[in-house]
Amino acid sequence: MGERYTILSPIATGGMGAVYRARHVYSRREVALKVLHPHASVDEATATRFRREAAAAAAIGHEGIVEVLDAGVDPHEGSLYLAMELLNGEHLGHRLVREGTTLADALSLFDRLLDPLAAAHERGFVHRDLKPENVFVLPDPDGGPERTKLLDFGIAKPLAEESATLTGSALGTPHYMSPEQIMSSKAVTPAADVWAVGVMLYEICTGQRPYDGPTPQAVLVKACTERPVAVAERAPAVGPALGALVDRCLAREPEGRPSHAEALRAALRAAVAADGPFDDVPLVLERYVAEAETSSRRAPSVDTPKARAVTAVSTAPRVGWRRVEGDGWSLEVPPDWVERTSMVPHVTTCWEAPELLEGVRPRVLLKVEAFDGDTRTYNELGMGRLDEVARIHRLADATLAGHPCLEAEAVFESAEVPFRGLRRAVVIDGRGYMMACDGPVLRFGEVAPIFRAVVGSLALAPA
């Protein structure tokens, strides 16, 4: 993509790709550049969903859906990419924990997000992955009401089109998936999006999600087999009309919910008129408070020396964490983690978590050593050819202290308790930095966000 776009800084990373702040080489317009990794680009189902995202916004044609400006295939790496408008705001979860925000403010934002969703439903699209992180809130440049934008139509399903998903498989985010979507993504209608909006409404009304559990699978099972606690029971101050509407959005059968976004918006306005105005009802969304405190920090530009001294964005809470400093680096660790001595050569610091399973303690370690081009030690840890720094940077799915770096993951089944290892490494001015995390396979979903938050706290002193 170097012929069309200059990468400025990473915005977000994931298992299938990454999003960067980038600048078009000729127009100089800054965009959000979404890039699929080469291995994902060759998967036909994944590529189909990626192309669908490029087409959905144009097909729906609503200003409340993020605009796709360009799409293509990188001629060198074979990676699919989308260039989208760069949004200056925050996702809905972070916006709702801003000091002084009331239930009335939140409901007004929901009214606005239902407008583009209604347009999508009218044109035959079901989003299938609605959640606070996929609703962006932007200030109005003229000082008017805030605007909302729906993001990530990658798994949106045109109802008249054959799905790219295998029969019986499910796509989406567990806490926001309707029962019929859990059973099969081919079975969804706009009522599945109504369920997801209902989950978000339930959370702003009660401070809790309707279903929770220790694992994603536990959440999915509950959604298919249990009725959530009624809003009136958890939050009687909300009012009977609004509480009943939210409960109806979470009806197990799609026929029991408002059938689409326009019907939901009409019902929501009627409920607010009956119970509102909610100007004096504060919001308590604990799970977003700590995350929002760090949301304004962004990973630094990858082409400036300042990157060595800037802390990258964390996606997990760091309230009460303690800062640890060493020779040229510092990082933050959870208050209940304990420092241990590691047997791995050159490990600078090693921290262990409280026991998750009997005798199993996840750990995070930082290794710092001079790098002279000899990759053997790194290869033994599964990090690959770190002397090919340029290639690594192009394929990176992670950052380390703001630098694009290599990420590797492996499952070790031969151990008595199978565990998963996650590694990140980068070479900067002849010095190698590597962070690693190990944890039990069954609980690694709980360990990995902590590891990524520790990685995100790493700061390196300027060389």
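The model is predicted. The mean pLDDT of the protein chain is 77. Of its residues, 76% reach 70 or more. One covers residues 294–317, where the pLDDT is below 50. This stretch has 60 contacts in the model beyond near neighbours in sequence. The other covers residues 376–396, again with pLDDT below 50. Here the model places 50 contacts beyond near neighbours in sequence.

The protein chain has 463 residues, and 51% of them count as buried. Its secondary structure comprises 14 helices and 20 strands.

Helix packing was examined for helix 4 and helix 6. Helix 4 spans residues 103–122, and helix 6 spans residues 190–206. Their axes come within 11 Å and cross at roughly 170°. An angle over 145° counts as roughly antiparallel, so helix 4 is roughly antiparallel to helix 6. On the helix 4 side, the contact is made by Leu103, Ala106, Leu107, Phe110, Leu114, Leu117 and His121. Helix 6 contributes Pro190, Asp193, Val197, Met200, Leu201 and Ile204. By class, the contact has eleven nonpolar residues, one polar and one charged.

Aspartate 111 also lies in helix 4. Its relative accessible area is 17%. The limit for a buried residue is under 20%, so aspartate 111 counts as buried. Leaving aside neighbours within four places in sequence, aspartate 111 is in contact with Arg265, Leu268 and Arg269.

Valine 455 sits in helix 14, which runs over residues 444–457. Valine 455 counts as buried because its relative accessibility is 1%. Leucine 331 lies 124 residues from valine 455 in sequence. In space, the C-alpha to C-alpha distance between valine 455 and leucine 331 is 7.7 Å.

Backbone geometry was inspected next. Most residues other than glycine have a negative phi, and most peptide bonds are trans. The loop between helix 10 (261–275) and helix 11 (286–293) holds proline 277. A cis peptide bond joins glycine 276 and proline 277, with omega at about 15°. Phenylalanine 278 belongs to the loop between helix 10 and helix 11. Its phi is positive, at about 70°, although the residue is not a glycine. Phenylalanine 278 is buried, with a relative accessible area of 4%.

A positive phi also occurs at arginine 28, with a value near 70°. Arginine 28 is a residue other than glycine. It is placed in the loop between strand 2 (17–24) and strand 3 (30–36).

Key
Residues numbered from 1 in each chain as written. Predicted model: local features only at pLDDT ≥ 70, side-chain atom pairs only at ≥ 80, totals over all residues. Heavy atoms only, no water. Axes fitted to C-alpha atoms, helices over the stretch in contact; angles between N-to-C directions. Helix = DSSP H or I, 4+ residues; strand = E, 2+ residues; numbered from the N terminus. Parallel < 35°, antiparallel > 145°, perpendicular 65-115°, else oblique. Contact = heavy atoms within 4.5 Å. Nonpolar A, V, L, I, M, F, W, Y, C, P; charged D, E, K, R; others polar. Buried < 20%, exposed > 50% of the residue type's maximum accessible area, 1.4 Å probe, protein only. pLDDT = per-residue confidence, 0-100.
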